[in-house]
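Welcome to a short tour. Open your viewer, get ready to select residues by number, and follow along stop by stop.

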Amino acid sequence: MAIAQTDPLLLFSPTSATQLSPPCRRQLRDKLRGEMLDLQHAAAFLPGTRISSSVDYSVTAGSHLCIITAGARQIAGESRLDLVQRNVAMFKKIVPELAKQSPASTILVVSNPVDVLTYVTWKLSGFPAGRVIGSGTNLDSSRFRFLLADHLEVNAQDVQAHMVGEHGDSSVALWSSITVGGVPVLSSLKNSQIKYEEEALERIRKAVVGSAYEVIRLKGYTSWAIGYSVANLARTLLRDQRRIHPVSLLAKGFYGIPDDKEVFLSLPAQLGRKGIIGVANVELTEEESVHLRRSAETLWEIQRQLDL
């Protein structure tokens, strides 16, 4: 778990030292110290950041941003939703302590399944919904932009595209709002007489959904891309940049999602120092809206089984 404040970066383990044997406590402290030293050695490349580590919740007091990465590691062949029960028990110990130490903070959840665990964090923290955010499809959208750029043979930085809904198998690609250099992609394809194939675009969506599973199969875990994604979100939040990111948020009432279903899923939202400022008004096609509501239903069914 990382706790980010205005200037310091604190590495923190949520495991209580009293729950571990002396050798395990030493191993945990050594692991944290090793991570701290490794980051400290990069101090010359960082803008005046102080880095420390601890296993004591009290050292997180007064944080502006709490980033929760703790959780059981996803293994090959296991979906993000399979992780729910293993991680909910852990969050019941972590979240109340964080909320107690930093009641004015924003919490950013990265652990998977991120949408359900963001909902769990909201319930356990008692925070306003706008100050509980999941990393959601911020990374999925980056993968989406990369694959679209490769397919269209353009620079990924010129592509604007979002994945929304669940960070997982039921995620929704917003084909209708894709632009390249400010030009809507579908009309661009037609004007350039490039054949538009729904099958090709659906293959891209499936590649986005399956990309994390492929990395896990090959190296055992994901790290670099999600690290950059979280740093990207933290920068927007702490510097009050008010940029739009597709993140997991309380989505009831949006795009036909019923008010009685308190699901967290990703929608493009403007972020700032106080968390979510507002949800971007993206026009969806009827088909996209149906898929989004279906994604919400998938998450709602999981949440109903949680003991909170």
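Select Leu 308 to begin: Leu 308 sits in the segment after H8 (helices are DSSP runs of H or I, at least four residues, and strands are E runs of at least two, numbered from the N terminus). This is a predicted model, where local features need pLDDT of at least 70, side-chain atom pairs count only at pLDDT 80 or more, and totals for chains, interfaces and linings use all residues. Residues are numbered from 1 along each chain as its sequence is written, and side-chain values use heavy atoms, leaving out hydrogens and water.

Now show what surrounds Leu 308. Leaving aside residues up to four places away in sequence, Leu 308 touches Val 88, Lys 92, Tyr 119, Val 120, Lys 123 and Leu 124 (contact means heavy atoms within 4.5 Å).

Next, select H3 (residues 114–125) and H8 (residues 286–303). Which residues meet here? Asp 115, Val 116 and Tyr 119 in H3 meet Leu 299, Ile 302 and Gln 303 in H8.

For the last stop, pick Glu 166, in the loop between strand E8 (163–164) and strand E9 (172–173). Glu 166 counts as buried, because its relative accessibility is 4%.

Methods
Axes are lines fitted to C-alpha atoms, for helices over the stretch in contact, and angles run from 0 to 180 degrees between N-to-C directions. Buried means under 20% relative accessible area, exposed over 50%, partly exposed in between (1.4 Å probe, protein chains only).
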